[in-house]
Amino acid sequence: MKKLILKPGREKSLQRRHPWVFSGAIARVDGDPLSGDTLELRSSTGGFLGWGAWSPQSQISARLWDTHERTVVDDAFFRARVEAAVTRRAHLLAGEPREAIRLVHGESDGLPGVTIDRFADWIVVQLTSAGAWRWRDAIVEAVREVTGLEKVFERSDGEVLTLEGLEPRIGPVTPEVEPPERIAIEEAGLVFGVDVRHGHKTGFYLDQRDNRALVRDLATDREVLDCFSYTGGFALNALAGGAASVTAVDASGEALAQLRDHARDNALADDRLSTLEGDVFQALRRFRDQNRKFDLIVLDPPKFAPTQAMAERAARGYKDINLWAMKLLKPDGVLFTFSCSGGVNRGLFQQIVAGAAIDAGVEAYVLHHMTAAADHPVTLTFPEGEYLKGLMLATDR
Ligand code: SAH
């Protein structure tokens with residue numbers, strides 16, 4: 001039997017159903033498991049703690065599948081987990097032909113290393129742990145059965161994968177069934193094209209769905225600045241909400257080209273929209289030099305701190321952009337500011353933004369605490385699952 005025995009006193013985390021076993025907590029591993037194999041997880045005194053997947057290359061050496069001794073980790077287990085995840089979202093599933101939704105959200109759906117999104121009639125599967133790789137076929141079969149959709153694209157890449165010592169795997173699961181360059185999806189009446197092959201994450205930032213709607217509601221007649229705009233999730237909503245003008249800034253010319261395509265596809269490509277290719281840190285300073293002001297600013301930067309170790313550097317980055325954005329706001333401005341860094345928790349983020357407000361000389365009021373949309377649930381036993389934090393702030397001077 002393949003077994004992982006913890007050091008004395010290190011069983012608490014698994015007993016609280018936290019799904020990660022760090023290498024430093026392990027006393028020994030028996031039975032020569034291969035990468036991805038299922039292990040019995042036991043305390044130093046031999047007590048059963050759970051079943052987990054072996055990740056020999058990672059600092060997170062094992063990821064929990066289940067804590068019940070009688071559970072069998074097999075194809076049926078994955079089918080049941082995928083089905084449960086989809087059922088949890090039943091109230092969100094509109095079943096529209098162009099629907100876009102996250103169906104499985106990793107640890108928070110009891111499937112560490114497994115992300116599954118639906119974009120119209122395509123399923124995108126992202127497997128980023130050794131255990132998820134071991135069960136690839138079962139997971140793909142399960143999602144096909146549960147959704148009734150056949151077309152599956154694998155998009156296994158990203159930094160977590162590298163930490164697991166796995167090579168990226170990108171391509172359609174059935175080689176002859178290729179996805180179009182852009183899959184047309186619809187969100188709140190707007191059409192977006194999702195490039196599942198090259199786009200960020202699995203192609204689209206589904207997590208910001210609800211927050212984009214908030215921007216749309218507040219954009220009417222306002223001068224809007226969308227920083228880190230990517231393909232225009234926020235910018236398009238601001239235009240649709242009747243913004244007076246929208247300036248979208250991103251370092252990627254390709255993302256901005258796609259943003260302009262999206263504007264055209266939605267009949268919103270009018271002279272209210274301008275795009276600026278460049279670094280947000282510099283662009284904010286340039287707007288300041290030009291004495292440009294905005295009524296509503298969105299800051300949705302990439303992950304500055306994927307891990308806690310990088311939190312300090314990230315904090316400087318967040319403070320900088322928030323400080324400069326607040327200086328650019330007109331009196332009675334609104335700031336939507338986000339962090340998707342796992343290493344920066346909500347409390348720390350709010351502290352950083354508060355520091356920025358003091359230095360910018362503005363008073364800021366939290367109107368909304370924002371988080372990822374409901375198809376990105378967070379289990380209470382895995383608070384790290386709450387990676388997206390946002391504040392909607394009203395400011396005055
Ligand atoms: N708001 C977007 C998602 C933003 S993703 C949405 O809702 O869809 C982060 C974006 O930041 C990426 O498009 C990336 O190209 C861009 N980016 C990263 N670093 C940047 C920088 N220093 N300046 C400008 N853009 C940057």
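**Whole chain.** I kept in mind from the start that this is a predicted model. I then looked at the extent of the C-alpha trace, which spans about 70 × 50 × 35 Å along its principal axes. I compared the radius of gyration of the protein chain, 22 Å, with the value near 21 Å that a compact globule of 397 residues would have, and I noted that the two agree.

**Cover and contacts.** I found that 54% of the 397 residues count as buried, while the chain exposes about 17400 Å², of which carbon and sulfur atoms supply 50%. Among contacts between residues at least 6 apart in sequence, I noted that 64% join residues at least 24 apart.

**Charges.** I looked up the 48 positive and 57 negative charges of the protein chain, and their mean positions lie 4 Å apart.

**Strand 8.** I turned to residues 114-119, which make up strand 8, and found 6 of the 6 residues buried. Val 114, Ile 116 and Arg 118 point one way from the strand, whereas Thr 115, Asp 117 and Phe 119 point the other way.

**Its partners.** I saw that strand 7, residues 100-105, runs antiparallel to strand 8 and is joined to it by 5 bridges, and that strand 9, residues 122-127, is also antiparallel to strand 8, with 6 bridges.

Key: Residues numbered from 1 in each chain as written. Predicted model: local features only at pLDDT ≥ 70, side-chain atom pairs only at ≥ 80, totals over all residues. Heavy atoms only, no water. Buried < 20%, exposed > 50% of the residue type's maximum accessible area, 1.4 Å probe, protein only. Helix = DSSP H or I, 4+ residues; strand = E, 2+ residues; numbered from the N terminus. Pairing = 2+ DSSP bridges. Rg over C-alpha atoms; globule rule 2.2 N^0.38 Å. Contact = heavy atoms within 4.5 Å. Areas by Shrake-Rupley, 256 points an atom, 1.4 Å probe, with all protein chains shown as cover. Lys, Arg positive; Asp, Glu negative; His and termini not counted. Charge placed at Lys NZ, Arg CZ, Asp CG, Glu CD.
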